[in-house]
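Try each task before you read its solution.

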Amino acid sequence: AIYCFSGSTRKRCEVYAIKRFREAYNSEIKQRISGIQAQAYTRMGVTIRHLSQLLQKTEAKIKLLITLSDGKPDDEGDNYRDYYGIEDTRQALLEAKRDGIHPFCITIDKTAKSYLPHLYGAVNYTVIDQVAQLPLKISDIYRKLTT
């Protein structure tokens, strides 16, 4: 499954289904993926909780929650931009792990090493220099996730 998310304060957190678990990967899904655009803010905690609930309802031996991100948790208002955003996201990730979900983050944020170890742990993330490198890095990411 592929989902996108965006937020603008705690009153407007949105999750968009690009491909649901039972949907076939077809030309319509490819068009949805091609149409993904940046929206508002990166309010991650609520999204991780919501997607973790979806994963909990899914029959699978291993449940991975992979976040493709351009930066740290961020939102306007209620101090989410600072300490609260990091800690809310960390708590959501701890809850996911408690429920048997394995979170992993792929980011292009060059400052990610300053906060991702606190959120995901020392090895559960990777930083890529450019989005165009993602297809080339997939085998390395797959190896990290499966060893």
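Predicted model: local features only at pLDDT ≥ 70, side-chain atom pairs only at ≥ 80, totals over all residues.

Residues are numbered from 1 along each chain as its sequence is written, and side-chain values use heavy atoms, with hydrogens and water left out.

**Exercise 1.** Find where Thr58 lies, and decide whether Thr58 is buried or exposed.

*Solution.* Start with the loop between α2 (44–56) and β3 (63–69), where Thr58 sits; helices (H or I, at least four residues) and strands (E, at least two) are DSSP runs, numbered from the N terminus. Next, take the relative accessibility of Thr58, 18%: Thr58 therefore counts as buried, as buried means under 20% relative accessible area, exposed over 50% and partly exposed in between (1.4 Å probe, protein chains only). Finally, list contacts (heavy atoms within 4.5 Å): leaving out residues up to four places away in sequence, Thr58 touches Phe21 and Lys63.

**Exercise 2.** Which residues of the largest nonpolar core touch the most other members?

*Solution.* A nonpolar core is a set of buried Ala, Val, Leu, Ile, Met, Phe, Trp, Tyr and Cys residues joined through side-chain atoms within 4.5 Å. Among its 17 residues, the answer is Ile48, Leu65, Tyr115, Leu116, Leu119 and Tyr120. Then look at the elements: α2, α3 (83–98), β4 (101–107) and α4 (116–120) each supply at least two residues of this core. A separate core has five residues, including Ile106, Ile128, Leu134 and Ile141.
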